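Student: Can you walk me through this model before I set anything up with it?

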Amino acid sequence: MADKLHGILISEILADNAGGSALDTDGDGQANKADEYIELQNATGSTVSLDGFQLWSEKKGLLYSFGSSATIGPGGTATVVAEYSGTPPAGYFDAGESNSVNWLPDGEAEKFDSIFLVDTATGDYIVLSYGDPPRAPTPPSGFPGTDRIGAGEQINSNSPNGAAFVRNANGDFEEGTPDPGAPGVPCFGEGTLIATEDGIRPVETLAPGDRVKTRDAGLQPLLGVRSVVVPARTNARWPDVRPVYIPAGVLGNTQSLVVSQNHRVLIEGGWPDLLFGASEVLIAAKYMVNHGATVLPGRATRIVYHHLLLERHHVVKANDVWTESLFMGDLMSGHDTWLGEWRMQVGVRLGQIEHAQTARPVLRKFEAVLVLEMMRDVPSRSWAAA
């Protein structure tokens, strides 16, 4: 479980932006150390002020001080970039380190560092240590923190060049592709047809209290719904925000399905059972690319995604495919900075809802690719649709 400072956690860091896979975070045509960043996530259901918050590095000292106007909305993020060329969009903050060299120290080959997030008004702080191996954190000279919240988190990393540290579905850090501002939160594309008590309905017409069909528990009421707008500029610029298109027939579906890249679909059959000891598993839609699915090309048009929140994480039916509802662990670890407000059932607050576990085991990338390749080469009962 992530350590949180007044509901804020460290959700992603890019500590060594180097090599052929380096990210051009600020879109200035250069991918270099100035594009390294730290992303914070608001895991509460309310807007949180960052006034008085600071980011520190054990090795580099003070990295960034937030001003009085800095806030993070419910489920939103704040991304501090070493140097942002031009005017940062909403949710981004420029640390002003022009031509920065190792703004965040590397974490491979005996290298290490610790990142501190502190509230200077209270002295409370959280800390994330990374390295090969990570070391116990030592506050730097001048650090204003006095009371550590939580036990501290650690990342053991041995090859971080061009890779970010991102949280997985369980809220734990792992190395992955940098995706500041990308839709880490699973969501349905506009027009997706959801099986409900009243028959098949477009996802955008659903409201709190409507009952949807689940695979395990029959009809269950929606506690919250949310429409999220990804602006056209973001869609054109960031490949990771673009939806995955799953054509009709790939999953036994009678219609094509469009979901965000991290939205998980249900796979069942002999191969998942043989390889992982579970006859039904969930895999992210992005892992199906090259296995029948494609990522829609970027265009200067906005994207609208929709979240469906239930009391528990469930498998629901969308366009004849069994797929997931929103898992609250993803809301914590996602990168949800776009326009959109939650509509909640009367008397229910977003921060009250916790999901203890996912409805099915979630496969990591190499596991998902393995089972998909085995199912392609030696077909069995392969896709969960009917």
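Student: What kind of model is it, and how are residues numbered?
Tutor: This is a predicted model, in which local features need pLDDT of at least 70, side-chain atom pairs count only at pLDDT 80 or more, and totals for chains, interfaces and linings use all residues. Residues are numbered from 1 along each chain as its sequence is written, and side-chain values use heavy atoms, with hydrogens and water left out.

Student: What is the mean pLDDT?
Tutor: The mean is 84, and 87% of the residues reach 70 or more. Here pLDDT is the predictor's confidence in each residue, from 0 to 100.

Student: Where does pLDDT fall below 50?
Tutor: Over residues 332–339. Beyond near neighbours in sequence, that stretch has 47 contacts in the model, a contact being heavy atoms within 4.5 Å. Where pLDDT is low, the predicted coordinates should not be read in detail.

Student: How many helices and strands are there?
Tutor: The protein has four helices and 29 strands. These are DSSP runs numbered from the N terminus: helices are H or I with at least four residues, strands are E with at least two.

Student: And what share of residues is buried?
Tutor: Of the 386 residues, 55% are buried. Buried means under 20% relative accessible area, exposed means over 50%, and partly exposed is in between (1.4 Å probe, protein chains only). Among contacts with a separation of 6 or more, 67% are between residues 24 or more positions apart.

Student: Which residues have the most contacts inside the largest nonpolar core?
Tutor: Ile246 and Met288, in a core of 34 residues. A nonpolar core is a set of buried Ala, Val, Leu, Ile, Met, Phe, Trp, Tyr and Cys residues joined through side-chain atoms within 4.5 Å. Elements giving two or more residues to this core include strand E21 (244–246), strand E23 (264–268) and helix H4 (365–377). H4 supplies the largest share, four residues.

Student: What about the other core?
Tutor: Another core lies apart from that one and has 31 residues, among them Ile38, Phe53, Ala82 and Phe165.

Student: Which residues does Ile38 touch?
Tutor: Leaving out residues up to four places away in sequence, its partners include Ile10, Leu55, Val80, Trp103 and Ile115. Ile38 is in strand E2 and counts as buried because its relative accessible area is 0%.

Student: What about Glu324 and Arg264?
Tutor: Their closest N and O atoms are 3.3 Å apart, in a salt bridge. Glu324 is in strand E28 and Arg264 in strand E23, so the bridge ties together parts 60 residues apart in sequence. Glu324 is buried at 0% relative accessibility, and Arg264 is buried at 6%.

Student: Is Asp198 buried or exposed?
Tutor: Asp198 is exposed, because its relative accessible area is 58%. Its salt bridge is with Arg201, at 3.8 Å between the closest N and O atoms. Arg201 counts as buried, at 18%.

Student: Where is there a cis peptide bond?
Tutor: Between Asp132 and Pro133, with omega about 0°. Pro133 sits in the loop between strand E10 (124–131) and strand E11 (147–148).

Key: Salt bridge = Lys/Arg side-chain N within 4 Å of Asp/Glu carboxyl O.
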